[in-house]
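Work through the exercises below with the structure open. Try each task before reading its solution.

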Amino acid sequence: MIPVCRIEDLPEGESVRVEAGDATAAIAVFHTGGAFYAIDDTCSHQDASLSDGWLEGCYVECPLHAALFDLRSGRPTCLPARRPVTTHAVTVVDGMLYVHPSVTAVPGDPVRTAPEEAVA
Amino acid sequence: MTTVGTVTVVGASLAGLHAAWGLRSQGYDGRLVVVGEERHRPYDRPPLSKEFLTGDADPGEGPGHLALTDPEEEAELDAEWLLGVRAEALDTAAGEIRLTGGRTLRTDGVVIATGATPRTLPLPRMAGVHTLRTLDDAIRLRAALRAGAARVVVIGAGFIGAEVASSCAALGLDVTVVEAAPLPLLPQLGEEMARVCAALHARGGATLLCGTGVAGLRGGGRVTGVELADGRLLPADVVVVGVGVRPVTGWLEGSGLLLEDGVRCDEGCVTALPNVVAVGDVARLARPGTGHTVRAEHWTSGMLQGAVAARNLLAGSTVEPFDALPYFWSDQYGSRIQYAGRRAPGDTVRILEGDPADGGGFLAVYERDAAPTAALGVDRPRPFMRLRRELARAPRPAGR
C-alpha cells in the first residue's frame with residue numbers, strides 16, 4: 001500500500017504520478033468523474049507517462065501518440081496501443097489516498113468519491 | 001470496388017499495416033496480400049534510434065516487442081504475407097505487380113506503402129559506415145557501437161542523426177555531429193527554436209559542428225576518420241550518415257503514376273487511378289486551397305493515412321480527405337521534443353511556459369497575425385498536448 005496524497009490535493013480532472021519502489025513500475029493516479037483510478041504510468045506502446053495524458057471521462061489519452069486507455073480496465077480502446085496497462089486498487093483512509101500495486105493486470109474497481117459510494 | 005478480388009499492400013510497414021487493417025475494418029473481405037521487401041513483419045521504427053541502441057537486452061534477430069502485430073491479430077487480418085520480396089514494377093493496365101524473380105501478382109487494388117530509403121553521400125563504401133532506417137540497419141549499428149568503438153561521427157543533425165548521437169553519448173562514446181546547414185532543423189523549427197534544440201547536443205555531451213560539409217572519408221577497408229570541407233579531420237571508428245530520406249518510387253517508373261518526390265495523390269491518398277492509393281512516407285498529397293502538396297515523413301501521418309486511404313480505395317474515389325495536424329516527436333539527450341502544426345517562415349515564437357535558456361524545458365507557440373500556427377514543447381508533454389488539441393480545432397491558417 002503506497003500513500004499518494006490527501007484527496008483534496010488531487011482535485012477532479014487531475015492526475016499524479018507515484019513512484020511505487022524499485023520492484024514496481026510507476027503508477028498514475030487519476031481523479032475523474034467522481035472517482036479515483038490507478039493504472040501503470042508508462043504507456044504500453046512506447047515510453048510516455050500516462051499521468052501527463054489527456055483525461056476525458058474514464059479514459060486517458062497518451063501524450064505521445066494519442067493511444068486511449070480505459071481507466072477502469074487498463075485496456076486500450078484504440079491504436080497504437082494494443083496491450084493493456086495494469087490497473088491498481090485505490091483506497092481512501094481518513095482522507096488519505098492509497099494505491100495497492102497489483103502483481104498482474106486485473107481490472108481494478110474505481111473508488112467512488114461521491115459521498116454515497118465513498119470507500120473508507 | 002467490390003469486395004471480391006485482390007488488394008495488394010506494397011510495403012509491410014506501419015502505414016501499410018494500418019491500410020490493411022483499415023480495409024478489413026471497413027468490410028473488405030476479399031483477398032489481401034502484403035508484400036514486404038524486408039524479411040520482418042511490420043514493426044515500429046521510432047525506437048530503433050533510441051532505446052534499441054542503448055538497451056542492454058540482446059534484441060535478437062526479429063522485431064520482438066517492436067512488432068506491430070501479434071499472431072492473433074495476424075490471423076484476424078487474414079492476409080497473405082510475401083516477405084523478403086520486392087515489388088519491381090507496377091503495370092496498371094494489366095493490373096499486375098512484378099515481384100523479385102519475375103513472378104507476377106494479379107491485383108485489383110494497390111496500396112503503395114514502400115516508404116523511403118536513406119539518402120547517401122558520394123562517399124566510398126567502407127566498413128564502419130552506417131545508415132539507419134530498418135531493423136537490420138539497427139541490429140548492425142547496435143553491434144558496431146558495442147564492438148569497441150570509441151569515437152562516432154554522425155553526419156547530419158536531423159532527427160535520426162540527433163537521436164543516434166544521443167544514444168551514442170548515452171553509451172559513453174565520444175560523439176561529434178556534423179551538419180552542413182548553419183543550424184539543424186532550421187526548416188522544421190525556424191532559427192530561434194532550432195538554436196535552442198541545437199544546444200541539447202552540448203548539454204548531452206556531444207559536439208555539434210554546423211555549417212560544414214563532408215569532403216571524404218579516411219581509411220582503407222574500414223573507416224578511420226571523416227574529412228570535413230573546411231579541412232578538419234575527425235577520427236572515427238563508426239560513422240552514421242543521417243542526411244534524410246528519399247521516397248521509394250523507382251519500381252513505379254513506367255507505371256503512368258505521377259512521381260514528384262513521392263507518389264502524387266489527391267487529398268485523400270488516391271492517385272490518378274481510383275484503384276491505386278499511397279500512404280506514409282512515399283505519398284505526396286494535395287492540399288486543396290494552398291497551391292502546394294505535402295509529403296510527410298511523420299509516424300503519425302503514416303498511421304492515420306492507412307484508414308483514410310482504405311476508405312477511399314473501397315469507395316472508388318476520395319470521400320474522406322486526410323487532414324490531420326502534422327505532429328512529430330523526438331527524444332534527445334534525455335529531453336522529449338514535441339512539435340505539432342504548420343509553421344511557416346516568418347511566424348513569430350512566443351514562450352508560454354519555462355525558459356528555453358535554462359535547460360528545464362519549455363512550451364512555445366508559433367503565431368501569425370496573433371493566431372497560433374504550431375506548437376513546440378520540450379519536456380512539457382501535458383501542456384503541449386493541450387495546445388496540440390487547440391491547434392487541431394482552430395481554423396487552419398490561410399494557405400497552409
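## Exercises on a predicted model

The model is predicted. After H6(B), which residue has a positive phi? B:Gly205 follows H6(B), and its phi is near 90°.

**Exercise 1. Find out whether helix H6 of chain B is straight or bent, and where.**

Step 1. Take the helix limits. H6 of chain B covers residues 186-203, which makes 18 residues.

Step 2. Compare spans. A straight helix would reach 26 Å at 1.5 Å a residue, but the end C-alpha atoms of H6 are only 19 Å apart.

Step 3. List the buried positions. Among them are B:Leu189 and B:Gly190. B:Met193, B:Ala194, B:Val196 and B:Cys197 in H6(B) are buried too.

**Exercise 2. Describe how H1 and H7 of chain B pack.**

Step 1. Two packed helices are described by the angle between their axes and the distance between the axes.

Step 2. Read them off. H1 (residues 14-25) and H7 (residues 299-315) of chain B pack at about 35°, with axes 7 Å apart.

Step 3. Assign the hand. H1(B) and H7(B) make a right-handed crossing.

Step 4. Name the partners. From H1(B), the contact includes B:Leu14, B:His18 and B:Trp21. From H7(B), it includes B:Trp299, B:Met303 and B:Arg311.

Step 5. Sort by class. The contact of H1(B) with H7(B) has 11 nonpolar, five polar and one charged residues.

**Exercise 3. Explain why B:Gly262 counts as buried.**

Step 1. B:Gly262 is in the loop between strands S17 (245-247) and S18 (263-265) of chain B.

Step 2. Count neighbours. B:Gly262 is buried because 25 other C-beta atoms lie within 10 Å, and the cut-off is 20 or more.

Step 3. Look beyond four places in sequence. There, B:Gly262 is in contact with B:Pro247, B:Thr249, B:Val282, B:Ala283, B:Arg284 and B:Arg295.

Step 4. Check one pair. B:Thr249 is 13 residues from B:Gly262 in sequence, and their C-alpha atoms are 6.6 Å apart.

Key. Residues are numbered from 1 along each chain as its sequence is written. Chains are lettered from A and ligands numbered from 1 in the order in which they are written. This is a predicted model: local features need pLDDT of at least 70, side-chain atom pairs count only at pLDDT 80 or more; totals for chains, interfaces and linings use all residues. Helices (H or I, at least four residues) and strands (E, at least two) are DSSP runs, numbered from the N terminus. The expected span of a helix is 1.5 Å times one less than its number of residues. The bend at a residue is the angle between axes fitted to the seven residues ending there and the seven starting there. A residue is buried if 20 or more other C-beta atoms lie within 10 Å of its own, exposed if 12 or fewer, and partly exposed in between; C-beta atoms are placed from the backbone. Axes are lines fitted to C-alpha atoms, for helices over the stretch in contact, and angles run from 0 to 180 degrees between N-to-C directions. A crossing is left-handed if the near helix is turned anticlockwise from the far one by less than a right angle, and right-handed if clockwise. Two residues are in contact if their C-beta atoms, placed from the backbone, lie within 7 Å. Ala, Val, Leu, Ile, Met, Phe, Trp, Tyr, Cys and Pro count as nonpolar, Asp, Glu, Lys and Arg as charged, and the others, Gly among them, as polar.
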